[in-house]
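Welcome, and thank you for joining this tour. Please open the structure in your viewer and follow along, one selection at a time.

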Amino acid sequence: MARDAAAETKSEARLSHTAAMILQAIHAGYVYGFGIMEMTGLPSGTVYPAMRRLERDALIRSQWERQSIADAEQRPPRKYYRITAAGRATLEASRKRYPLLERLIPSEEAKSV
Amino acid sequence: MTPRFGWIFNASHLGLLRAASWLAPASERAEWLREWRSELWHVRRERTAQRAVSWQGEREVTLFCLGAFRDALCLRRHAAIHERRTEAASASPVQCILCMALVLIASFTLSLLLPGVRDANEASRGRIDPGLILIEHPDSGTNSKATVSAAEFDGWRARRQRYFDRFAFYSIARESVTTAEGNALWTVAHATANLFPLLGVPLRFSASPAGADGSAADAILSCEAFERDFEANPRVAGSMMRVGRRLARIAGVAPCGAWPLPGKVDLWLLQPESAVAPGTVGYVVAHLTAAGRAEMFEPNTSITAYGAGDSEIDFVGVALQAHTRVPFDFYRFALLLAFLCLPAVTSVSMGEYSFNSHKPSWPRRLCRWSFLCAKIGLLLPIVYYVPLDLAWWHISTSSFASEYAQLIASFLLCLFGMRWVLLDQRQRCPVCLRCVTHPAQVGHASRTFLSWNGTELICMGGHTLLHVPGLPTSWFGAQRWLYLDASWDFLFAGSSRAGRT
């Protein structure tokens, strides 16, 4: 228990406000890099490197969408990002640290309420 | 501005992404570029007008593309950190030993699985008795022509001998052989039945002996004929065939690999000693008694036999063991050559001269030497099995090419393997056995005679500093270790220094 708490504290401390915002955006359903840029207002030179770090720390994971879907819509396939279980736990901890995070980017559940 | 200029912006944006991609690590470059190109397509669609060029939109797309440079640099930094971590892990002594053990296990397993290597190993197990010699006339030359007549063989066999206790005879002829697969002209050796027991060569797939009625002679297939004409089918043992006019029964298959006797034979037809046709010229294999062995000082020795009317005839006895070289012989020879050449490719000295009086404790020194011994101990079997797998993997019979390939591969692997072992040992901290890192060039080569210049490397555990001279001089010829004392601790606050002794 104490170990879990320590891990949580460590991950919370590691996540900057920008990273927390990006994680919150992904959690809210903005799964593409450009979509996250538009939602957060951050430039591409900040969003993509932050997503690489989040992926390296296993807080999010990326996947290419199927070629058939892209072909049907006559566009190139995109790489989308999903939040992991560890990412959700870290985001939960970050929300306590940055209380306005959820108001800036409301998640799907919050929006429905 | 008309829409036809839109392609120029598009091309320049793609060019920016391509330029940025060169900053990304090569292994991740393709996927990185694919993602950015895909995103660019969507950004262009959102930000630029379809029918006219929008300066604001193009500016935003350009800014988006410029962000790719930062992303690529970030990816490169991540890759560099990952590489450093991997390097640190590979520098661990346990990792080193595990890697070598894995190579050994893999090569050993391969040697068990590859049929050619199995045969070569089998041949090395069935070593030829050192008391066996081939008797031939002195004028038979190096090609070992058949020179001994059946009459001479009969004479020696009938007489009580001081130096020999057993003889076997065989002669070679081309004969028509009819099998279930068809008719072919084979090289057949008519041998006395005691030839294979005398050689001590184990037969493969041996069937029970033919009936005592003498209707069918026992035949031994050579490994080549077994694989060439019977597709290495083990059920061939016991089947019948016709050799010339005689009926023969396949009693087994000769082992593959190095064959000690002269003549390339497809089939050995065994017959009683008394059935050797007079007038035949062939080869005689003899087994030496203890007295005979005592007289055999060299692989080749002169033998004087008494012919009709007690006339003296000179023969030459050639030790069969000298004819056969098994893979282990090549390995030993390669090892000897490599150890002789080793000082030419690297210094064999560990070159440890500490600047201060501090020396590691006995257990630490013992540990270091044990690590060196473990590496050499693992390298030696690797040097045996890896060239064996390489040289014999597709060859099931004796081949000079395979033998030379094994010899050369063993020599090179041993030479450069030992060089690596010594270089690696010299680069390992005497305290924790991890590789020293972070090389730093100190001094100027042009001031060699005025001050020290060379490379300094440090143990990341904070135990030692290694000084390697750039140009060995009489006053600084070999690398030196400096054992770091407690005053260095502040530099290694994050690392464990438990092993400091």
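In which helix of chain B does B:L195 lie? Select B:L195 and you will find yourself in helix α7 (residues 195-199) of chain B; helices (H or I, at least four residues) and strands (E, at least two) are DSSP runs, numbered from the N terminus.

Before going further, a word on what you are looking at. This is a predicted model, in which local features need pLDDT of at least 70 and side-chain atom pairs count only at pLDDT 80 or more, while totals for chains, interfaces and linings use all residues. Residues are numbered from 1 along each chain as its sequence is written, and chains are lettered from A and ligands numbered from 1 in the order in which they are written.

**Stop one: around B:L195**

Stay on B:L195, which is buried because 21 other C-beta atoms lie within 10 Å. A residue counts as buried with 20 or more other C-beta atoms within 10 Å of its own, as exposed with 12 or fewer, and as partly exposed in between, with C-beta atoms placed from the backbone. Leaving aside neighbours within four places in sequence, B:L195 is in contact with B:A168, B:Y170 and B:V285; contact here asks for C-beta atoms, placed from the backbone, within 7 Å.

**Stop two: B:A294**

Next, select B:A294 in helix α9 (residues 290-295) of chain B. Is B:A294 buried or exposed? B:A294 counts as exposed, with 10 C-beta neighbours inside 10 Å. Show B:Y163 as well: B:A294 and B:Y163 are 131 residues apart in sequence, and 9.2 Å apart in space from C-alpha to C-alpha.

**Stop three: the nonpolar cores**

A nonpolar core is a set of buried Ala, Val, Leu, Ile, Met, Phe, Trp, Tyr and Cys residues joined through C-beta atoms within 7 Å. The largest one has 51 residues, and B:A219, B:I220, B:L221, B:L267, B:W268, B:L269 and B:V284 touch the most other members. Strand β3 (residues 164-179) of chain B gives the most to this core, with 7 residues. Zoom in on B:L221: not counting residues up to four places away in sequence, B:L221 touches B:F226, B:I250, B:V253, B:A254 and B:L267. Another core of 39 residues lies apart from it, and A:M21, A:V31, A:I36 and A:Y48 are among its members.

**Stop four: two helices of chain A**

Select helix α2 (residues 17-27) and helix α3 (residues 33-40) of chain A, which pack at an angle of about 115 degrees with their axes 10 Å apart. The axes are lines fitted to C-alpha atoms, for helices over the stretch in contact, and angles run from 0 to 180 degrees between N-to-C directions. α2(A) and α3(A) are therefore roughly perpendicular to each other, a term for angles of 65 to 115 degrees. To see their contact, pick A:M21, A:I22, A:A25 and A:I26 of α2(A), with A:I36, A:M39 and A:T40 of α3(A).

**Last stop: where the chains meet**

How many residues of chain B are in contact with chain A? Chain B brings 17 residues, which are in contact with 14 residues of chain A. On the chain B side, α2 and α3 (55-90) each supply at least two residues, and α3(B) gives the most, with 10 residues.

Definitions and conventions:
Two residues are in contact if their C-beta atoms, placed from the backbone, lie within 7 Å. Angles under 35 degrees count as roughly parallel, over 145 as roughly antiparallel, 65 to 115 as roughly perpendicular and the rest as oblique.
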